[in-house]
Amino acid sequence: MKRNIILHPDPRLKKTSAPVADLSDELRSLADDMLETMYHAPGIGLAAPQVGILQRLIVADCAKDDDAPPRPLVMFNPQVIASSDETNVYEEGCLSIPEQFADVTRPADVEVRWLDRDGKEQSEVFTGLWATCVQHEIDHLDGKLFIDYLKPLKRQMITRKMVKLKRELARA
Ligand code: NI
């Protein structure tokens, strides 16, 4: 089932999400819903707070840019355990901030540990777009948006546009 994506600005997007203690069927079905919502948008990543659930869960699939087969990743309690000194710049966007894009600098490679949908611990070193995407989504779990990396003026400009967009959507 597709879920509604919360748009910035919204206090729920600024909150810190709680660690997942037990992998219930309810949480697994939330993960499936999030993947469906992400693919439909379309997007390459989505975090639970973006659908109003303040739990540490993200989904991602960055495979489509490489002609690679789909790779839907479900990550409970994802944690960056090591980051490269080398950085990468990507033009980022966010399903909670539609049609706004900006360059963000982040570590180029990150090692991430998480629990998969079976509750099994996994870890992997992500590079390229995957690395950026996973860091962006984990940020959501700490109430951080990609625009928080921008200069205040640029951030305020995007937020003003979003306020206007939300007003228009509410009126429609
Ligand atoms: Ni986002």
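Trainee: In what order do the five strands of the open sheet stand?

Mentor: In this predicted model, the five strands form an open sheet with antiparallel pairing. Strand S1 (45-47) and strand S7 (121-126) stand at the edges with a single partner strand each, so one side of each is left without a neighbour in the sheet. Neighbouring strands of this sheet are turned against each other by 40° on average, direction ignored. Read across the sheet, the order is S1-S2-S3-S6-S7.

Trainee: Which residue in S7 is the bridge partner of Val-112?

Mentor: Strand S6 (residues 110-115) runs antiparallel to S7, and six bridges join the two. In S7, the residue that partners Val-112 is Glu-124.

Trainee: With which residue does Arg-71 form a salt bridge, and how far apart are the closest N and O atoms?

Mentor: Arg-71 is partly exposed, with a relative accessible area of 32%. The partner is Glu-124, and the closest N and O atoms are apart by 2.8 Å.

Trainee: Which strands does helix H2 lie across?

Mentor: Helix H1 (residues 25-40) lies across S1, strand S2 (57-60) and strand S3 (73-83), running at about 40° to S2. Helix H2, by contrast, runs at about 155° to S2, and the strands it lies across are S1, S2, S3, S6 and S7.

Trainee: Which protein residues are the donors of the nickel ion?

Mentor: The donors follow the spacing C-x41-H-x3-H along the chain. Lying 2.1 to 2.3 Å from the nickel ion, the protein donors are Cys-94 (SG), His-136 (NE2) and His-140 (NE2).

Trainee: Are Asp-139 and Arg-106, which form a salt bridge, buried or exposed?

Mentor: The closest N and O atoms of Asp-139 and Arg-106 are 2.9 Å apart. Asp-139 lies in helix H2 and Arg-106 in strand S5 (residues 97-107), so the pair ties together parts that are 33 residues apart in sequence. Residues count as buried when their relative accessible area is under 20%, and both Asp-139 and Arg-106 are buried.

Trainee: Which backbone oxygen does the side chain of Arg-28 reach?

Mentor: Arg-28 lies in helix H1. Leaving aside its neighbours within four places in sequence, Arg-28 is in contact with Leu-23, Arg-117 and Asp-118. At 2.4 Å, its side chain reaches the backbone oxygen of Arg-117.

Definitions and conventions: Residues numbered from 1 in each chain as written. Predicted model: local features only at pLDDT ≥ 70, side-chain atom pairs only at ≥ 80, totals over all residues. Heavy atoms only, no water. Donors = N, O, S within 2.8 Å, 3.2 Å for Na, K, Ca; no water. Pairing = 2+ DSSP bridges. Helix = DSSP H or I, 4+ residues; strand = E, 2+ residues; numbered from the N terminus. Axes fitted to C-alpha atoms, helices over the stretch in contact; angles between N-to-C directions. Contact = heavy atoms within 4.5 Å. Polar contact = N/O pair within 3.5 Å; in protein donor to acceptor, adjacent residues only side chain to side chain. Salt bridge = Lys/Arg side-chain N within 4 Å of Asp/Glu carboxyl O. Buried < 20%, exposed > 50% of the residue type's maximum accessible area, 1.4 Å probe, protein only.
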